[in-house]
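This report describes the fold, overall dimensions and nonpolar core of one protein. The sequence and structure are shown first.

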Amino acid sequence: MASSLTCTGVIWALLSLLCAAASCVGFFMPYWLLGTQMDKPVSFGTFRRCSYPVRDEERQATVMLEQCGRYASFLGIPSLEWRICTVVTGVGCGLLLLVALTALMGCCVSDLISRTIGRVAGGIQFVGGLLIGSGCALYPLGWDSEEVQQTCNNSSDQFQLGSCQIGWAYYCTGAGAAAAMLLCTWLSCFAGKKQKQYPY
(Lines give C-alpha, C1' and ligand atoms only; values in the text may rest on other atoms or scores of the structure.)
Protein backbone atom coordinates (compact mmCIF):
# COMPACT_ATOMS: atom_id res chain seq x y z
CA MET A 1 0.00 0.00 0.00
CA ALA A 2 1.52 3.32 -1.05
CA SER A 3 1.57 6.31 1.28
CA SER A 4 1.52 9.98 0.36
CA LEU A 5 3.25 10.87 3.63
CA THR A 6 6.91 11.11 4.55
CA CYS A 7 8.17 9.56 7.81
CA THR A 8 7.58 12.95 9.44
CA GLY A 9 4.12 12.89 7.89
CA VAL A 10 3.27 9.59 9.57
CA ILE A 11 4.30 11.05 12.93
CA TRP A 12 2.18 14.11 12.10
CA ALA A 13 -0.83 11.91 11.29
CA LEU A 14 -0.56 9.96 14.55
CA LEU A 15 0.04 13.08 16.65
CA SER A 16 -2.89 14.81 14.90
CA LEU A 17 -5.16 11.91 15.86
CA LEU A 18 -3.91 12.03 19.44
CA CYS A 19 -4.45 15.80 19.71
CA ALA A 20 -7.91 15.60 18.15
CA ALA A 21 -8.89 12.73 20.46
CA ALA A 22 -7.65 14.59 23.56
CA SER A 23 -9.51 17.77 22.61
CA CYS A 24 -12.72 15.96 21.64
CA VAL A 25 -12.81 13.75 24.75
CA GLY A 26 -12.08 16.73 26.99
CA PHE A 27 -14.75 18.80 25.25
CA PHE A 28 -17.43 16.13 25.60
CA MET A 29 -16.72 15.22 29.24
CA PRO A 30 -18.46 17.30 31.93
CA TYR A 31 -15.40 17.64 34.17
CA TRP A 32 -14.15 21.15 33.34
CA LEU A 33 -15.16 22.60 36.73
CA LEU A 34 -15.49 20.60 39.96
CA GLY A 35 -17.30 21.58 43.15
CA THR A 36 -19.87 20.43 45.70
CA GLN A 37 -23.50 21.21 46.40
CA MET A 38 -25.53 19.78 49.27
CA ASP A 39 -22.48 17.64 50.18
CA LYS A 40 -22.51 15.95 46.77
CA PRO A 41 -19.81 16.28 44.09
CA VAL A 42 -20.90 18.45 41.15
CA SER A 43 -19.08 18.97 37.86
CA PHE A 44 -19.64 21.13 34.79
CA GLY A 45 -18.56 21.03 31.16
CA THR A 46 -19.47 23.58 28.54
CA PHE A 47 -22.80 21.92 27.69
CA ARG A 48 -23.08 19.10 30.25
CA ARG A 49 -23.40 18.81 34.01
CA CYS A 50 -23.12 16.03 36.60
CA SER A 51 -25.33 16.12 39.71
CA TYR A 52 -28.09 18.67 39.85
CA PRO A 53 -30.84 19.60 42.33
CA VAL A 54 -34.39 18.35 41.76
CA ARG A 55 -37.55 18.69 43.81
CA ASP A 56 -38.64 15.43 45.52
CA GLU A 57 -42.41 15.76 45.87
CA GLU A 58 -42.73 12.74 48.21
CA ARG A 59 -40.35 14.18 50.80
CA GLN A 60 -41.18 17.81 49.95
CA ALA A 61 -37.47 18.59 49.72
CA THR A 62 -34.78 19.39 47.19
CA VAL A 63 -32.36 16.51 46.61
CA MET A 64 -29.30 16.09 44.42
CA LEU A 65 -29.76 13.74 41.47
CA GLU A 66 -26.35 12.15 40.91
CA GLN A 67 -26.20 11.61 37.16
CA CYS A 68 -24.68 13.35 34.17
CA GLY A 69 -26.58 14.89 31.32
CA ARG A 70 -26.78 17.69 28.79
CA TYR A 71 -28.74 20.83 29.40
CA ALA A 72 -32.32 20.55 28.11
CA SER A 73 -31.70 23.16 25.42
CA PHE A 74 -28.89 25.33 24.11
CA LEU A 75 -30.41 28.30 25.95
CA GLY A 76 -30.41 26.18 29.13
CA ILE A 77 -26.62 26.47 29.30
CA PRO A 78 -26.03 28.75 32.33
CA SER A 79 -24.24 31.67 30.64
CA LEU A 80 -23.80 33.30 27.25
CA GLU A 81 -20.03 32.81 27.55
CA TRP A 82 -20.47 29.04 27.97
CA ARG A 83 -22.76 28.95 24.92
CA ILE A 84 -20.13 30.73 22.82
CA CYS A 85 -17.47 28.44 24.31
CA THR A 86 -19.52 25.39 23.31
CA VAL A 87 -19.81 26.55 19.71
CA VAL A 88 -16.21 27.66 19.14
CA THR A 89 -14.72 24.66 20.95
CA GLY A 90 -17.00 22.27 19.06
CA VAL A 91 -16.03 23.80 15.69
CA GLY A 92 -12.35 23.66 16.66
CA CYS A 93 -12.63 19.99 17.65
CA GLY A 94 -14.40 19.25 14.37
CA LEU A 95 -11.57 20.86 12.39
CA LEU A 96 -8.89 18.92 14.31
CA LEU A 97 -10.80 15.68 13.77
CA LEU A 98 -11.25 16.36 10.05
CA VAL A 99 -7.52 16.98 9.55
CA ALA A 100 -6.56 13.96 11.68
CA LEU A 101 -8.76 11.59 9.68
CA THR A 102 -7.51 13.03 6.38
CA ALA A 103 -3.91 12.62 7.57
CA LEU A 104 -4.58 9.00 8.52
CA MET A 105 -6.04 8.35 5.08
CA GLY A 106 -2.82 9.82 3.67
CA CYS A 107 -0.97 6.91 5.28
CA CYS A 108 -2.83 4.51 3.00
CA VAL A 109 -3.58 6.47 -0.18
CA SER A 110 -0.85 7.64 -2.52
CA ASP A 111 -0.97 11.18 -3.92
CA LEU A 112 -3.53 12.30 -1.33
CA ILE A 113 -1.35 14.70 0.63
CA SER A 114 1.21 16.83 -1.18
CA ARG A 115 3.45 19.40 0.48
CA THR A 116 0.88 22.10 -0.27
CA ILE A 117 -2.06 20.07 1.08
CA GLY A 118 -0.01 19.28 4.20
CA ARG A 119 0.62 22.95 4.81
CA VAL A 120 -3.05 23.82 4.27
CA ALA A 121 -3.98 21.05 6.72
CA GLY A 122 -1.52 22.53 9.21
CA GLY A 123 -3.17 25.91 8.80
CA ILE A 124 -6.56 24.34 9.48
CA GLN A 125 -5.13 22.67 12.59
CA PHE A 126 -3.78 26.02 13.76
CA VAL A 127 -7.23 27.61 13.34
CA GLY A 128 -8.88 24.66 15.11
CA GLY A 129 -6.45 24.92 18.01
CA LEU A 130 -6.98 28.68 18.16
CA LEU A 131 -10.76 28.19 18.35
CA ILE A 132 -10.42 25.63 21.15
CA GLY A 133 -7.98 27.91 22.97
CA SER A 134 -10.49 30.75 22.63
CA GLY A 135 -13.18 28.52 24.10
CA CYS A 136 -10.93 27.61 27.04
CA ALA A 137 -10.20 31.32 27.59
CA LEU A 138 -13.93 32.20 27.49
CA TYR A 139 -14.96 29.46 29.94
CA PRO A 140 -13.96 31.31 33.16
CA LEU A 141 -16.20 34.25 32.17
CA GLY A 142 -19.18 32.01 33.00
CA TRP A 143 -18.12 31.29 36.57
CA ASP A 144 -20.32 34.12 37.82
CA SER A 145 -23.52 32.31 36.79
CA GLU A 146 -25.98 31.34 39.52
CA GLU A 147 -25.51 27.57 39.00
CA VAL A 148 -21.74 27.81 39.39
CA GLN A 149 -21.98 30.11 42.40
CA GLN A 150 -24.29 27.64 44.15
CA THR A 151 -21.71 24.93 43.58
CA CYS A 152 -18.72 27.06 44.65
CA ASN A 153 -20.16 28.29 47.99
CA ASN A 154 -21.33 31.57 46.45
CA SER A 155 -17.72 32.71 46.23
CA SER A 156 -17.02 32.30 42.51
CA ASP A 157 -16.85 35.12 39.99
CA GLN A 158 -15.34 35.64 36.57
CA PHE A 159 -11.83 34.16 36.69
CA GLN A 160 -12.26 33.39 40.43
CA LEU A 161 -12.94 29.78 41.31
CA GLY A 162 -14.10 30.25 44.87
CA SER A 163 -14.19 26.80 46.47
CA CYS A 164 -14.31 25.00 43.11
CA GLN A 165 -11.38 23.67 41.10
CA ILE A 166 -10.56 23.14 37.45
CA GLY A 167 -11.06 19.54 36.30
CA TRP A 168 -8.97 17.23 34.11
CA ALA A 169 -11.19 17.64 31.03
CA TYR A 170 -10.36 21.36 30.80
CA TYR A 171 -6.64 20.60 30.83
CA CYS A 172 -7.08 17.73 28.34
CA THR A 173 -8.95 19.97 25.89
CA GLY A 174 -6.42 22.78 26.20
CA ALA A 175 -3.39 20.48 25.93
CA GLY A 176 -4.76 18.85 22.77
CA ALA A 177 -5.33 22.28 21.22
CA ALA A 178 -1.88 23.58 22.21
CA ALA A 179 -0.13 20.51 20.80
CA ALA A 180 -2.14 20.80 17.58
CA MET A 181 -1.26 24.49 17.22
CA LEU A 182 2.43 24.13 18.00
CA LEU A 183 3.60 20.62 17.08
CA CYS A 184 1.14 19.47 14.44
CA THR A 185 1.18 22.75 12.53
CA TRP A 186 4.99 22.63 12.36
CA LEU A 187 5.14 18.92 11.43
CA SER A 188 2.54 19.39 8.69
CA CYS A 189 5.03 21.50 6.73
CA PHE A 190 7.14 18.36 6.19
CA ALA A 191 4.30 15.82 5.98
CA GLY A 192 3.62 15.49 2.26
CA LYS A 193 5.91 14.11 -0.39
CA LYS A 194 6.96 16.36 -3.24
CA GLN A 195 4.72 15.94 -6.24
CA LYS A 196 6.28 14.19 -9.21
CA GLN A 197 6.68 16.44 -12.23
CA TYR A 198 5.23 14.83 -15.35
CA PRO A 199 6.74 16.07 -18.62
CA TYR A 200 3.73 17.02 -20.75
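Helices (H or I, at least four residues) and strands (E, at least two) are DSSP runs, numbered from the N terminus. On this basis the protein contains five helices and five strands, arranged along the sequence as α-β-β-β-β-α-α-α-β-α.

The model is predicted: local features need pLDDT of at least 70 and side-chain atom pairs count only at pLDDT 80 or more, whereas totals for chains, interfaces and linings use all residues. Residues are numbered from 1 along each chain as its sequence is written, and side-chain values use heavy atoms, with hydrogens and water left out.

Along the principal axes, the C-alpha atoms fill a box of roughly 85 × 30 × 25 Å. Buried residues (under 20% relative accessible area, 1.4 Å probe, protein chains only) make up 41% of the 200.

A nonpolar core is a set of buried Ala, Val, Leu, Ile, Met, Phe, Trp, Tyr and Cys residues joined through side-chain atoms within 4.5 Å. The largest one has 38 residues, and Trp-12 and Trp-82 are among those with the most contacts inside it.

Beyond its neighbours within four places in sequence, Trp-12 is in contact (heavy atoms within 4.5 Å) with residues including Val-99, Ala-121 and Leu-187.

Note on methods. Buried < 20%, exposed > 50% of the residue type's maximum accessible area, 1.4 Å probe, protein only.
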